[in-house]
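Open the model in your viewer and keep the selection panel at hand. The stops below say what to select next and what is there.

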Amino acid sequence: MTLKQFFIWDNSDIKDPSFKNEVMTNRAIGFALLNTSIVAAIGAFLNGLGVFKNDFLKTQILCGIVIFFALTGWLYCFLFAGRRKYIKYAMLVDILVIAGAVSCTLSFFAALFIVVPIICITRYYNLRFLIVTTGVSLFIIFGSPFVWPFFESQANLNLFGRDIPSISAWIENGSLDYWDYVRRGLLYMQLPSGLIFSSVAVYCFSTYFRGKAIVEETMQRYAAELRFSSELSVATSIQADMLPKAFPQEVSYALYASMIPAKEVGGDLYDFFLVDEKHIALIIADVSGKGIPAALFMATAKTLFKDQIALDVDLSVAASKINDRLCDGNSAGLFVTAWFGIFDLEKGILRYVNAGHNPIAARLSGEWQFLKDISGPAFGYMEGLSYKVLEETLNPGDDLFLYTDGVTEANNPQEELFGEKRLKESLSKAHPGDPKAYIQGVLDDLGAFAAGKEQFDDITMLTFSFFKRNEEAV
């Protein structure tokens with residue numbers, strides 16, 4: 001344990017607000033007890049030097065009692081970092097023992113010290129605990145005068161201006177018996193102390209009710225967050241199940257994809273499916289925004305992409321219909337950039353639409369390049385838009401790398417963007433024709449580039465490697 005850990009315990013792993021408050025209170029009271037033991041040790045040292053006029057032995061015994069119980073209470077807390085349920089009860093016993101010892105021997109200071117237990121315990125916001133502490137404290141206040149004569153305690157019985165001699169004078173003259181002394185102590189010393197304690201108790205109880213309301217409100221928020229977290233976990237699982245996980249490794253082609261959301265759920269999507277035995281569809285898209293709204297919009301978009309691409313061989317018609325459907329009822333004002341295409345496995349022709357999306361990367365004849373032509377704006381802005389179909393020819397040995405802007409716009413602690421240049425360099429290092437190696441290589445380079453910087457956007461990639469035309473594969 002380092003010196004910093006000795007004085008500052010980390011509470012970040014405690015999620016339950018009520019337990020966190022208890023642990024923090026345990027630690028606060030534990031350090032107060034440690035400070036009390038230090039003060040008592042200093043008092044014992046000064047008493048040994050003859051600074052105090054009190055009885056030497058009794059003062060040393062009192063300091064020893066305070067040191068022992070204060071250190072014991074602190075050790076309970078320290079050894080378990082304040083994280084055991086019984087610690088608060090053990091420390092309460094220690095505090096009350098110390099308060100009782102002070103009340104029975106140093107009655108001049110008892111009225112000041114007896115309020116300490118109830119003030120400390122108030123922070124737990126535990127009504128039963130507070131009532132017990134109040135009751136025991138009152139018992140000590142009104143019970144201590146019965147012990148004073150045995151310690152010849154110099155009780156201040158002159159609170160109301162009465163001229164009363166010292167205890168030693170009473171004892172020597174025999175003018176005051178035990179019960180008379182106790183009666184006067186209760187009436188002139190402890191009754192005013194009890195009234196003072198009661199006013200403090202009223203404040204402590206009002207603090208309890210106010211604090212308890214805050215804790216209960218916090219607990220309600222915590223419970224709501226737990227429910228939301230549970231629902232979000234289910235949503236994350238549902239979204240993950242929506243994306244294909246089985247990646248084909250055929251004789252003529254291979255596929256691999258990855259999606260890493262910036263939050264529990266993301267707004268990116270990828271998809272691929274065979275339109276027929278000769279054509280395969282490839283899709284990647286990025287919904288504006290993040291979190292649940294983007295994820296819901298993504299789910300709608302995914303269904304539309306698959307349905308329309310399968311129905312309309314003309315991709316320009318499919319794109320217009322997808323755009324119109326996403327505009328309809330889009331009160332949230334979301335939009336989606338998308339790239340989707342159909343690849344002819346026999347002819348090697350890729351026909352595609354780029355709706356405001358990042359230019360995909362293609363490895364053509366051994367060289368990586370970006371296909372920067374745009375078909376039209378992102379989907380969801382405005383109804384009635386038309387989109388141009390673009391075309392590219394792939395030869396066996398060529399590859400496609402589809403990605404969202406979470407890749408190129410990833411930044412490092414110096415706020416630099418990963419960019420297309422670094423992406424191209426990363427792809428060039430991977431083994432050609434290995435879709436998984438392309439994605440893993442980019443992920444490794446992104447991790448090294450970010451250097452621990454928190455991921456800001458979803459990172460989604462899909463790779464397609466073309467090996468042989470269908471007739472060649474037969």
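**Second largest pocket**

The second largest pocket holds about 230 Å³ of space. On a 1 Å grid over the protein atoms alone, a pocket is an open set of points with protein on both sides within 12 Å along at least five of seven lines, and lining residues have an atom within 4 Å of a point. Grid points are joined across faces, edges and corners, and the volume is the space filled by probe spheres set on the points.

This is a predicted model, in which local features need pLDDT of at least 70 and side-chain atom pairs count only at pLDDT 80 or more, while totals for chains, interfaces and linings use all residues. Residues are numbered from 1 along each chain as its sequence is written, and side-chain values use heavy atoms, with hydrogens and water left out.

Select Ala410, Ala450, Gln455, Phe456 and Ile459: of the 15 residues lining the second largest pocket, these are the closest to its centre. Then select helix H15 (residues 435-450), which gives the most to that lining, with 4 residues. Helices (H or I, at least four residues) and strands (E, at least two) are DSSP runs numbered from the N terminus.

Axes are lines fitted to C-alpha atoms, for helices over the stretch in contact (heavy atoms within 4.5 Å), and angles run from 0 to 180 degrees between N-to-C directions. The five strands form an open sheet in the order E1-E10-E9-E6-E7, with antiparallel pairing; two strands pair if DSSP finds at least two bridges between them. Strand E1 (253-260) and E7 stand at the edges with a single partner strand each, so one side of each has no neighbour in the sheet. Direction ignored, neighbouring strands here are turned by 15 degrees against each other on average. Helix H14 (residues 419-429) lies across E6, E7 and E9, at about 145 degrees to E7.

Next, select strand E6 (residues 360-364). Are its residues buried or exposed? E6 is mostly covered, with 5 of its 5 residues buried, where buried means under 20% relative accessible area, exposed over 50%, and partly exposed in between (1.4 Å probe, protein chains only). Ile360, Ala362 and Leu364 point one way, and Ala361 and Arg363 the other.

Ala361 shows both partners of E6. In strand E7 (residues 367-371), joined to E6 by 5 bridges, the bridge partner of Ala361 is Phe370. In strand E9 (residues 399-403), joined to E6 by 3 bridges, the partner is Phe401. E6 and E7 form a hairpin with 2 residues between them, and Ser365 in the turn has a positive phi of about 55 degrees. On to strand E10 (residues 459-466), which pairs with E9 over 5 bridges; Tyr403 stands opposite Met461 there.

Select Gly397, in the loop between E8 and E9. Gly397 is partly exposed, with a relative accessible area of 37%. Leaving aside neighbours within four places in sequence, Gly397 is in contact with Arg363, Phe466 and Phe467. Gly397 and Phe466 are 69 residues apart in sequence, yet 5.7 Å apart in space, C-alpha to C-alpha.

Which residues touch the most other members of the largest nonpolar core? Of its 53 residues, they are Leu282, Phe305, Ile309, Phe340, Phe379, Leu400 and Phe464. Such a core is a set of buried Ala, Val, Leu, Ile, Met, Phe, Trp, Tyr and Cys residues joined through side-chain atoms within 4.5 Å. Apart from it lies another core of 39 residues, among them Ile29, Ile95, Ile121 and Leu130.

**The other sheet**

Select E2, E3, E4, E5 and E8: an open sheet of 5 strands in the order E2-E3-E4-E5-E8, paired antiparallel. Strand E2 (268-276) and strand E8 (390-393) are at the edges, each with a single partner strand, so one side of each is left without a neighbour in the sheet. Strand E5 (residues 349-355) pairs with E8 over 4 bridges, and Arg351 stands opposite Glu391 in E8. Finish on helix H12 (residues 315-327), which packs on this sheet and touches strand E4 (336-344) and E5.

Terms used
On a 1 Å grid over the protein atoms alone, a cavity is a set of points where a 1.4 Å probe fits but cannot get out, and a pocket is an open set with protein on both sides within 12 Å along at least five of seven lines; lining residues have an atom within 4 Å of a point.
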